[in-house]
Amino acid sequence: MSAYLAEGESRLVYPPPGLPPGADDGQRGAAPSDDELRVVAARHPGRWIATAVVLVLLAMVVSSLVTNERWEWDIVARYLTWPSILEGAWATVRLTATASVVGFALGTVLALMRLSRSPLLQAVSWAYTWVFRSVPLLLQLLLWYNLAYLYPVLSIGIPFGPEFLFFDTLSLIDKFWAAILGLGLSQAAYSAEIVRAGILGVDQGQHEAAASLGLPRHRQVRRIILPQAMRSIVPTAVNEVIGLLKGTSIVYVLAYGELFYIVSVIYGRNGRVVPLLIVAAIWYLALTTLITVVQYYVERHYAKGALRTLPPTPLQRVRWEIQVGWSRLTGTPVPDGVPPALAARVRVGRWVAPRNGAAPRTPGGAA
């Protein structure tokens with residue numbers, strides 16, 4: 001009968017009607033079969049109490065947000081889609097996307113250097129990670145922005161020899177690229193450790209199997225090792241991207257027009273500090289939610305080689321819950337596409353359908 005129960009759910013089994021629960025063996029006769037047992041939901045008073053407490057707390061929070069006029073929700077709604085706010089949000093997205101690409105591309109290279117057999121590559125990778133994780137991000141941003149003080153002209157040539165190409169530092173590194181260098185190079189130090197940990201987390205037998213195939217080292221890493229390492233890399237990497245999204249607010253020290261800088265300029269003029277901060281918080285929340293959705297589907301993609309059944313998407317979950325609810329309400333059969341763990345909820349409180357093809361019992365006892 002356990003095959004009919006939803007996974008992770010508690011159930012109580014009751015005898016068929018006509019036999020009191022305290023009847024002795026003589027009154028009961030033979031032991032009831034699975035077809036004569038009724039499955040009902042177990043009582044969880046603690047769960048209901050906790051739910052009631054949380055609902056009360058949520059109601060208090062909502063009430064305070066609605067009744068307190070100092071939140072000034074009308075001003076929040078007015079500035080939420082203000083043109084300069086939208087430009088600042090787009091600038092934040094550009095900063096995050098570009099710095100993430102730079103950081104994780106360079107971080108992957110640094111991780112492979114750290115895992116190589118070359119002592120020089122290992123030392124350079126370790127030194128880079130040590131330096132950029134030790135220096136505060138704000139200090140790095142200011143150093144890159146003032147790079148022209150150290151090097152008025154950047155050149156490409158032979159070390160200690162002739163130089164061929166020359167670039168004016170001020171025209172090459174503006175506020176945007178100074179922010180990208182500060183954010184991206186700092187992110188690379190953390191990304192290198194994330195990628196290295198993911199590669200080390202792959203089972204040693206996979207490394208040996210890849211080597212036994214006779215593949216070149218770069219193909220072993222690209223085709224066999226990294227796809228398996230991505231399952232552990234993706235969650236931590238997305239956390240870093242979300243942290244980078246919020247960390248772009250520190251670029252306001254360069255007077256670059258990202259979201260937080262624009263918000264600070266506006267509330268510095270009109271004095272509406274709290275409503276403008278709420279506007280920034282809503283945009284950060286929306287962008288973070290979008291990244292989280294992308295994370296779910298990326299994790300689902302890389303789970304193909306490890307799980308027999310992929311986790312359902314949010315739309316699948318909603319569709320299955322609606323189908324189960326409709327079946328419980330109308331008594332119609334559950335569609336075939338619904339997983340057995342969810343379909344079992346329809347039978348809770350009813351007579352369990354017999355396995356031998358006989359007609360199921362109803363709560364009234366009629367067959």
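Select Ser-116 and look for what touches it: setting aside neighbours within four places in sequence, Ser-116 is in contact with Leu-121 and Gln-122 (contact means heavy atoms within 4.5 Å). Ser-116 sits in the loop between α4 and α5, where helices are DSSP runs of H or I with at least four residues, numbered from the N terminus. With 19% relative accessibility, Ser-116 counts as buried (buried is under 20% relative accessible area, exposed over 50%, partly exposed in between, using a 1.4 Å probe and protein chains only).

A word on ground rules: this is a predicted model, where local features need pLDDT of at least 70 and side-chain atom pairs count only at pLDDT 80 or more, while totals for chains, interfaces and linings use all residues. Residues are numbered from 1 along each chain as its sequence is written, and side-chain values use heavy atoms, with hydrogens and water left out.

Next, colour α4 (residues 83-115) and α5 (residues 119-134): the two helices pack at about 135°, with axes 7 Å apart. Axes here are lines fitted to C-alpha atoms over the stretch in contact, and angles run from 0 to 180 degrees between N-to-C directions. So α4 and α5 are oblique to each other (under 35 degrees is roughly parallel, over 145 roughly antiparallel, 65 to 115 roughly perpendicular, the rest oblique).

Which residues make the contact? Show Leu-106, Leu-110, Met-113 and Arg-114 on α4, then Leu-121, Gln-122, Val-124, Ser-125, Trp-126 and Tyr-128 on α5. These split into 7 nonpolar, 2 polar and 1 charged (Ala, Val, Leu, Ile, Met, Phe, Trp, Tyr, Cys and Pro count as nonpolar, Asp, Glu, Lys and Arg as charged, the others, Gly among them, as polar).

Now for the rings: the whole structure holds 8 aromatic pairs. Rings of Phe, Tyr and Trp (its six-membered ring) pair if their centres lie within 6.5 Å; planes under 30 degrees apart are stacked, over 60 edge-to-face, the rest tilted. Trp-126 is partly exposed at 45%, while Trp-130 is exposed at 52%.

Last stop: Phe-176 and Trp-177, an edge-to-face pair, 5.3 Å centre to centre with 80° between the planes. Phe-176 is buried at 16%, whereas Trp-177 is partly exposed at 41%.
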